[in-house]
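Please consult the sequence and the structure shown below while reading.

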Amino acid sequence: MSIAIGQQLKIRSMIYVAAEPVPFFWPMRAFIHHNPLHGLEGMPFETAVVKGSHLFHGQAFLPRALYQEYLHKGSVDRERLQQEITDFLQDQESPATIPMPAILERLLTREKDPVILPTALIDDSDVQAASATGDIQIDSSLERIAGRLREDFLGGRPIYEVVDALHGTDIGASLDELVIKSCLDFFDEGQSVWHMPNRELGFFAAWRQVAQRNIRFFLRGLHIKEILDIDESPEGIIAYVMQTLQIPEEHWVDYFTRELARLHGWAGFIRWRSSASNYYWEQRYPGDLVDYMAVRMLLALTLLRKRSSGRLPIDLPRLTDFIRFDPYQAFLRNEFYGGGLLVQMAHQVEDALLRKDKSRIALVYTEYCRRKRQFEAERQAAGLLQVAQSMGVREALRQASHEQLQALLQSLRAFQAGEGMVWLKAMEASAAAELL
């Protein structure tokens with residue numbers, strides 16, 4: 001296989017665009033500031049923070065408890081906090097019987113943990129039912145579950161991340177380990193006692209020669225040579241892998257961005273290095289993100305084939321069909337392997353998945369949803385009622401209509417999502433007042 005020069009250039013341009021959010025973290029020999037959102041400067045700051053947190057697996061703001069410590073020390077302007085709350089509530093529909101300004105101020109300044117908790121199954125009507133009667137309705141429709149799974153799994157995530165989430169494999173971690181080892185071998189700048197031979201050929205070309213004779217890959221069951229024989233160019237390997245995984249070409253840029261963000265430190269270094277034309281090590285041993293992506297994509301496909309052994313879906317259409325036609329099993333697998341499992345039903349879920357009997361899986365799914373929705377609704381309702389009790393409005397909350405409770409929950413979610421910016425602006429106001 002050999003792809004046309006036009007396709008090679010197109011893939012190079014795609015990776016160039018995909019790498020834009022990845023910041024230059026180098027050189028770090030002397031610096032006065034470090035901006036991890038450098039590649040997102042075209043966005044509003046609030047949007048860039050959310051995007052950066054998602055891409056780079058980071059926490060955008062400090063924990064609330066730490067901000068509260070700063071407040072007690074006088075490093076946060078309390079009046080600015082109150083003003084931010086007032087400004088926020090102007091755009092919200094709040095129940096007249098609930099003192100929202102006082103509640104939001106209490107949540108910010110006295111409650112260490114968020115009142116809106118992460119949930120997988122419930123909606124606002126479940127929370128209302130748990131607050132009032134404790135009885136919730138179960139919605140186990142196929143389309144609702146399949147839609148949620150498609151949104152979670154098929155929204156640009158690398159294929160191996162989806163396989164890991166559904167089958168408990170560790171492809172992502174193994175891939176990162178192999179890529180890091182390859183980068184260390186090639187990009188060594190004299191610190192290591194061993195470096196990759198033939199580095200003057202470039203990253204992918206040098207790695208390709210080593211991989212063809214690497215006995216460790218063979219012993220681990222990684223048949224890399226079969227893919228390397230398809231094309232000698234990094235662009236050809238990337239195209240082959242993406243076509244094998246059947247990722248539509250219009251989604252390649254987003255897919256590449258997610259791949260680069262997995263090891264964004266290395267990606268940022270390589271991006272900077274390849275653009276520094278006068279950098280000694282780049283002149284002597286060239287390597288760019290196309291080389292890096294080819295190595296990563298080739299190893300990803302090899303690991304997927306090894307771990308699946310032909311039994312697991314490892315391309316986008318088959319994963320889509322699995323979620324569409326067997327959503328109960330897909331949901332239970334994600335719960336079991338994704339860390340969100342309700343402990344009380346761990347044995348039943350594992351047993352049903354091992355039996356692979358669809359009727360058994362459907363029964364376990366129904367019971368699991370009933371228990372988990374009850375658990376999530378009661379937990380969320382308890383948090384709300386506790387705050388309401390401290391404000392003397394517990395009974396008003398219990399008697400709130402569905403529309404009133406929905407408005408309350410939406411306001412709390414929106415405020416909690418933007419809470420970090422509220423603290424940041426109040427701290428900036430305190431610092432500015434002290435300076436001026």
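Are aspartate 176 and arginine 296 buried or exposed? Both aspartate 176 and arginine 296 are buried. The model under discussion is a predicted one, and the sections below place this pair in its surroundings.

## Overall architecture

The protein contains 24 helices and zero strands. Its C-alpha atoms fill a box of roughly 75 × 70 × 40 Å along the principal axes. Of the 436 residues, 47% count as buried.

The accessible surface comes to about 22000 Å², and carbon and sulfur atoms contribute 53% of that area. Among contacts with a sequence separation of 6 or more, 73% are between residues 24 or more positions apart.

## Packing of H14 against H17

Two packed helices are described by the angle between their axes and the distance between the axes. For helix H14 (residues 252–262) and helix H17 (residues 289–308), the axes come within 11 Å and cross at roughly 85°. Because angles of 65 to 115 degrees count as roughly perpendicular, H14 is roughly perpendicular to H17.

On the H14 side, the contact is made by Tyr255, Phe256, Glu259, Leu260 and Arg262; on the H17 side, by Leu289, Tyr292, Met293, Arg296 and Met297. Seven of the residues in this contact are nonpolar, three are charged, and none is polar.

Helix H14 is mostly covered, with eight of its eleven residues buried. The buried residues are Trp252, Tyr255, Phe256, Thr257, Arg258, Glu259, Leu260 and Ala261.

The cover over these buried residues includes several helices besides H17. Among them are helix H1 (5–18), helix H2 (45–56) and helix H8 (159–167), together with helix H13 (234–244) and helix H15 (264–275).

Side chains of opposite charge can pair when their charged atoms come close. The count for this model comes to 23 salt bridges. In one of them, aspartate 176 pairs with arginine 296, the closest N and O atoms being 2.7 Å apart.

Glutamate 259 is buried, as is arginine 296. Aspartate 176, glutamate 259 and arginine 296 belong to a salt-bridge network that also includes Arg157, Glu161, Arg258 and Arg262.

Arginine 157, a member of the network, lies in the loop between helix H7 (142–153) and H8. Its relative accessibility is 23%, so arginine 157 counts as partly exposed. Arginine 157 and glutamate 259 are 102 residues apart in sequence, and their C-alpha atoms are 8.6 Å apart in space. Leaving aside neighbours within four places in sequence, arginine 157 contacts Asp152, Val162, Ala165, Tyr255 and Arg258.

With a relative accessibility of 1%, valine 179 counts as buried. Not counting residues up to four places away in sequence, valine 179 touches Leu263, Tyr292, Arg296 and Leu299. The C-alpha atoms of valine 179 and tryptophan 266 are separated by 9.5 Å, although these residues are 87 residues apart along the chain.

## Other charged residues

Glutamate 84 is found in helix H4 (residues 78–89). Its relative accessibility is 11%, so glutamate 84 counts as buried. Setting aside residues up to four places away in sequence, glutamate 84 touches Val422 and Lys425.

A further salt bridge joins the side chains of arginine 360 and aspartate 351, at 3.8 Å from N to O. Arginine 360 counts as partly exposed because its relative accessibility is 32%.

Notes:
Residues numbered from 1 in each chain as written. Predicted model: local features only at pLDDT ≥ 70, side-chain atom pairs only at ≥ 80, totals over all residues. Heavy atoms only, no water. Axes fitted to C-alpha atoms, helices over the stretch in contact; angles between N-to-C directions. Helix = DSSP H or I, 4+ residues; strand = E, 2+ residues; numbered from the N terminus. Parallel < 35°, antiparallel > 145°, perpendicular 65-115°, else oblique. Contact = heavy atoms within 4.5 Å. Nonpolar A, V, L, I, M, F, W, Y, C, P; charged D, E, K, R; others polar. Buried < 20%, exposed > 50% of the residue type's maximum accessible area, 1.4 Å probe, protein only. Salt bridge = Lys/Arg side-chain N within 4 Å of Asp/Glu carboxyl O. Areas by Shrake-Rupley, 256 points an atom, 1.4 Å probe, with all protein chains shown as cover.
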